Amino acid sequence: MISMPPVLARVEVVDRFDTAESLLAEIQDDSGGHAAAGARALGGFVLRLDGLAPEEVRWFAGLGPHPAVITGYGPLGPACLAGGPPSLLTEICQGFLQNLSGERLAAWQDVLGPPMEFLAGKRPRYWQIRDRVLSMQNRTLVMGILNVTPDSFSDGGRYLDPAAAVDHALELAAAGADIIDVGAESTRPGAVPVDAGEEWRRLEPVLERLVPKLGVPISVDTYKAEIARRALELGVQIINDVSGLGDPAMASTVANAGAGLVIMHNAEKAQYQDLVTEVAWFLRNRLAAARRAGIPDEFVVCDPGLGFGKNARHNFVLMKRLPAIVSLGRPVLVGPSRKRMIGQVLGTGPQERLEGTMALAALSAWMGAGIVRVHDVAAIVRVTRMIDAVQDPTWGVAPDGG
Ligand code: HH2
């Protein structure tokens with residue numbers, strides 16, 4: 001097993017609300033430069049590299065004030081921000097790689113590949129799940145939520161009865177859901193943990209009925225490898241793991257079934273030195289762990305995990321800087337549905353968060369998410385269809401349509 005040096009590369013999009021300070025707040029400046037300000041002037045992209053070796057950081061420092069480059073320290077050690085248009089950042093990446101050799105070259109080639117594709121305008125648009133491929137080429141996918149729990153924060157108790165659960169899943173699919181995500185343990189803060197026996201008692205009767213009936217793929221929201229194994233045996237195609245492979249047996253279980261996997265960021269405490277870097281690093285790290293366990297990257301989708309070990313402010317920062325997660329190279333799933341971050345802004349309870357969910361789903365789709373996970377499928381399908389039409393104005397509309 002090759003241990004990968006801790007390096008990380010990602011691309012952020014700088015917009016009119018960003019100041020040099022807001023992007024640089026996280027890396028301790030040791031050069032007095034103004035990369036983010038430069039990025040604004042030059043075209044709106046910032047490339048951030050973390051975990052540089054001393055000679056590597058010297059190479060960046062040697063690039064001088066133009067192109068706008070700043071070096072400092074992040075949570076993975078020496079870090080660098082370079083600002084400018086995609087062509088300039090691509091040139092910088094190529095120059096940087098030319099100066100490397102051996103294991104460092106291999107490590108940086110591996111992490112720089114996806115951001116360089118992102119800068120070239122390419123997005124990760126496919127997800128392999130068992131023998132199917134889900135495409136996000138033309139449109140954002142909608143994952144409908146089915147909670148077979150007594151205590152989920154917005155719909156607990158409504159679908160505990162298997163017949164009601166199956167009916168609801170069929171309704172969600174008819175409303176346009178591309179995937180149905182079935183969960184039998186609430187993950188809301190303060191929820192009582194459920195043992196595998198109880199979780200399976202809730203899931204089994206639903207999955208047994210649903211697998212043969214449902215035309216769209218089923219994912220199971222569980223962090224327990226034992227539950228994942230049983231669900232995969234019944235024929236589900238995806239495991240949605242909110243612990244990001246916390247169970248050591250999870251990756252091999254998913255690999256053996258050739259199933260799709262959602263790796264979500266989670267943390268015990270809402271405490272970060274540098275939120276976006278830490279979330280991106282966690283996801284990259286778990287992606288590499290999945291690969292080592294035999295899950296090719298094509299089978300994995302990444303999720304920043306809104307509300308998991310994060311306060312509202314963390315959630316909004318992650319939403320705003322979603323391209324940093326998209327540039328890691330895998331399709332991104334975002335789950336904003338009815339979450340507390342909406343209630344905190346609008347002062348509304350879980351049942352009155354539809355507009356907030358619509359806004360966050362629209363932003364997610366616009367900023368490159370491939371999948372949104374929601375309760376209100378019919379409304380969100382309409383929202384994402386509109387965003388998709390703007391993303392690709394040639395798609396689905398006749399040239400002379402009014
Ligand atoms: N959020 C919830 C549960 N599972 N999975 C992913 N991948 N991403 C998410 O954001 C996510 C998730 C929480 O929402 P919900 O299922 O509605 O509530 P509860 O955990 O109370 O059942």
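In the predicted model described here, L275, V276 and V279 of helix α10 meet H314, V317 and L318 of helix α11, where contact denotes heavy atoms within 4.5 Å. Residues are numbered from 1 along each chain as its sequence is written, and side-chain values use heavy atoms, with hydrogens and water left out. The model being predicted, local features require a pLDDT of at least 70 and side-chain atom pairs count only at pLDDT 80 or more, while totals for chains, interfaces and linings use all residues. The axes of α10 and α11 come within 10 Å and cross at roughly 70 degrees; α10 is therefore roughly perpendicular to α11. Axes are lines fitted to C-alpha atoms, for helices over the stretch in contact, and angles between N-to-C directions run from 0 to 180 degrees. Angles under 35 degrees count as roughly parallel, those over 145 as roughly antiparallel, those from 65 to 115 as roughly perpendicular, and the rest as oblique. By class, the contact of α10 with α11 comprises five nonpolar residues, one polar residue and no charged residues. In this scheme Ala, Val, Leu, Ile, Met, Phe, Trp, Tyr, Cys and Pro are nonpolar, Asp, Glu, Lys and Arg are charged, and the others, Gly among them, are polar.

A further helix pair is formed by α4 (residues 86-98) and α5 (residues 102-119), whose axes come within 11 Å and cross at roughly 170 degrees. The crossing angle means that α4 is roughly antiparallel to α5. On the α4 side the contact is made by P86, L89, T90, C93, Q94, F96 and L97, and on the α5 side by L105, W108, Q109, L112, M116 and L119.

Over the whole chain, 15 helices and 15 strands are found; helices (H or I, at least four residues) and strands (E, at least two) are DSSP runs numbered from the N terminus. Of the 402 residues in the chain, 55% are buried, with buried defined as under 20% relative accessible area, exposed as over 50% and partly exposed as in between (1.4 Å probe, protein chains only). Among contacts between residues at least 6 apart in sequence, 71% join residues at least 24 apart.

Grid points are joined across faces, edges and corners, and a volume is the space filled by probe spheres set on the points. The largest pocket holds about 790 Å³ of space. It is lined by 38 residues, of which T187, R188, P189, G307 and F308 are the closest to its centre. Two or more lining residues come from each of β8 (141-147), α11 (312-320) and α13 (340-346), and α13 gives the most, with three residues. The lining of the largest pocket has eleven nonpolar, 16 polar and eleven charged residues.

Two cavities of 30 Å³ or more are counted. The largest cavity contains about 40 Å³ of space and is lined by E185, T187, E199, D221, T222, Y223 and V242. Its lining divides into two nonpolar, two polar and three charged residues. The second largest cavity has a volume of about 30 Å³, with a lining of E12, V13, K320, R321, P323 and A324. β1 (8-13) and α12 (322-326) are the elements that give two or more residues to the lining of the second largest cavity. Three nonpolar, no polar and three charged residues form that lining.

Several loop residues were also examined. L245, in the loop between β11 (238-241) and α9 (250-257), has a positive phi of about 65 degrees although it is not a glycine. L245 is buried, with a relative accessible area of 12%. R338, in the loop between β14 (333-334) and α13, is likewise not a glycine but has a positive phi of about 55 degrees. With a relative accessibility of 10%, R338 counts as buried. Q273, located in the loop between β12 (260-264) and α10 (275-292), is exposed, with a relative accessible area of 58%. Residues up to four places away in sequence being left out, Q273 touches G74, P75 and E278. Q273 and G74 lie 199 residues apart in sequence and 8.5 Å apart in space, C-alpha to C-alpha.

Technical notes
1 Å grid on protein atoms, 1.4 Å probe; cavity = no way out; pocket = protein on both sides within 12 Å on 5 of 7 lines; lining within 4 Å.
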